[in-house]
Amino acid sequence: MARFKAKQPSAAAVAGKPKKPRLRNAERSAYFARREAAKVLRSVLQGDARRRAVGSIKSLVYSPSIKNKKATFALVCQTLKYLPIIKDVLEAANILNSRWKRQEELVYIITYDILFGQEISFTGDAEKFLVQRKVSLQSALARLLVRKKVKHIEDLIDRYETADVSKPRYVRVNTLKLGVDSALIELGKQYMVQKDDLVPDLLKLPPKCDLHDHPLIMNGSVFIQGKASSMVAAALCPEPGWEVLDACAAPGNKTVHLAALMRGKGKVIACELNKERIKRLEETVRLSGAHNIEVLHGDFLSLDPEDPLYSKVRAILLDPSCSGSGTIAERLDHLLPSYAAGQAASVDETERLNKLASFQRKALEHALCFPQVERIVYGTCSIHQIENEDVVKSVLPFAASHGFQLATPFPQWRGRGFPVLEGSEHLLRTDPVEDKEGFFIALFVKKDGNTNMIIQPSLKPDRATHDWSHPLPRERTNNRKRCLNKKQRRTAMPTLFSGMFKTLLHCKPTSIGVRNGLGLPIDNP
């Protein structure tokens, strides 16, 4: 019969030494925060290297899978801030073997804590490995300061820092779950809150409010979304019952905004090519509670406009990949290696902008080919003319051949397109300095004889339970009958006229004088 040798007591136990105490809460929290930060950092650096980010730093940190959000966010940002120095120190110290090079993001995080972070107990194999080589790391840092001819660490990182951008915190109320007034009351218990004067379901809070753990955010009643970003779906102003195509949908904030504007009726087809971003899109849709969204994993450019599957699509939101130059401060892109390396002014970046503009032009032309589409909104978070006015200018002849022309979203908004094309007054820009983010919006509509079309989302009073979005203003009373081709001809319903008076009741007059509810005509579904 097999015998098992009894386990001998350790030397420490024989000597009467106490057992190693369990990790304290602070130590445990720090241990897991480093691993979560390393996971986020890996996604950020890989996306930056490919120039195709899965999400911004903030969106990755504040995803539901990250538990210790505040500590993780601080570690990621600080490590990125010091990353050029950390890399130089690790290379000079020459202490990494192949095992730790495979976990380089975790090594970056721990090295930051050792050299620049707070003094805490280090647990874990990676921590122990680097702590044992702390003297080598500090010596390499001292040699780096001498080589760069500076006395302080701050002198090394100055070149990588940009001015802090303090902007209001905007949140969009998901009217599929909660009314605007109800959200205003609930958020007002902790913060100074006011309604936005332009986008009806948008609320404005003081800068740097941390809402990520707020119950309304966690249950999808409210979404953190910038003002300019919220203007894109509102500019399209889809009607309840329509079919709408979101061409490049992830991460999904604009997609679920469309669903809310449509009061959960009709259908939103959310198209996304990237497999990783599809997961984020589906997560956003689930959180919103919208049941009229169909997620489509595929390439928008490969969709056949003549396919019967898309024969009822009446509007398209096109928010294609862009440089993101208008949201650098918001996305914290100034912390990324590509930004620090000066790629924004490099030849490579110019080539990248040209490629992006080429794709954007193809996508917009493709959107114009869907036969039943009446409205298309083209939006970017870029400040570059090549991605904005130049793209619109290049497709205008093609758009006209398909019966489209430019319309004016948010006519009271002061910022308009650069005067480099005819009709630039219809284009909308937000200023990255004055408005704290740089966005561009162009709205194309089917011609109907009205050359002064204006889109103005109504600002209806909030209802007790649901703020059921915003009816679209009707056109002039002397032009009620819309010119339709044979495929589009429908019978006008008498209810159109009662709807018109309701719209006039709730529409807010614009600064340029919207008379008789001037806007796009509406066909009864």
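The buried residues of helix H13 in this predicted model are Lys254, Thr255, Val256, His257, Leu258, Ala259, Ala260 and Leu261. The helix covers residues 253-261. Eight of its nine residues are buried, so H13 is largely enclosed by the rest of the structure.

The average pLDDT of the protein chain is 78. A score of at least 70 is reached by 72% of the residues. Residues 1-7 have a pLDDT below 50. Beyond near neighbours in sequence, this stretch makes zero contacts in the model. Residues 458-525 also have a pLDDT below 50. Here the model shows 133 contacts beyond near neighbours in sequence. Where pLDDT is low, the predicted coordinates should not be read in detail.

The protein chain has 525 residues, of which 51% count as buried. Its secondary structure comprises 19 helices and 13 strands. Contacts between residues at least 6 apart in sequence were also examined. Of these, 75% join residues at least 24 apart. The accessible surface of the chain is about 25900 Å². Carbon and sulfur atoms account for 53% of that surface.

Four strands make up an open sheet. Their order is E2-E3-E1-E4, and the pairing is antiparallel. Strand E2 (194-195) and strand E4 (222-224) stand at the edges. Each has a single partner strand, so one side of each is left without a neighbour in the sheet. Strand E1 spans residues 169-173. Three bridges join E1 to E4, and the two strands run antiparallel. Valine 171 has isoleucine 224, in E4, as its bridge partner.

Tyrosine 378 and phenylalanine 440 form an edge-to-face aromatic pair. Their ring centres lie 6.4 Å apart, with 70° between the planes. This pair links distant parts of the chain, 62 residues apart. Tyrosine 378 belongs to strand E9 (residues 375-380). Phenylalanine 440 belongs to strand E12 (residues 440-446). Tyrosine 378 is buried, at a relative accessible area of 0%. Phenylalanine 440 likewise counts as buried, at 0% relative accessibility.

Two arginines lie over aromatic faces. Arginine 414 lies over the face of tryptophan 413, at 4.5 Å from the ring centre. Arginine 429 lies over the face of phenylalanine 418, where the distance from the ring centre is 3.7 Å.

Key:
Residues are numbered from 1 along each chain as its sequence is written. This is a predicted model: local features need pLDDT of at least 70, side-chain atom pairs count only at pLDDT 80 or more; totals for chains, interfaces and linings use all residues. Side-chain values use heavy atoms; hydrogens and water are left out. pLDDT is the predictor's confidence in each residue, from 0 to 100. Contact means heavy atoms within 4.5 Å. Buried means under 20% relative accessible area, exposed over 50%, partly exposed in between (1.4 Å probe, protein chains only). Two strands pair if DSSP finds at least two bridges between them. Rings of Phe, Tyr and Trp (its six-membered ring) pair if their centres lie within 6.5 Å; planes under 30 degrees apart count as stacked, over 60 as edge-to-face and the rest as tilted. A charge sits over a ring if NZ of Lys or CZ of Arg is within 6 Å of the ring centre and within 35 degrees of the ring normal. Accessible areas come from the Shrake-Rupley method with a 1.4 Å probe; for residues, only the protein chains shown count as cover.
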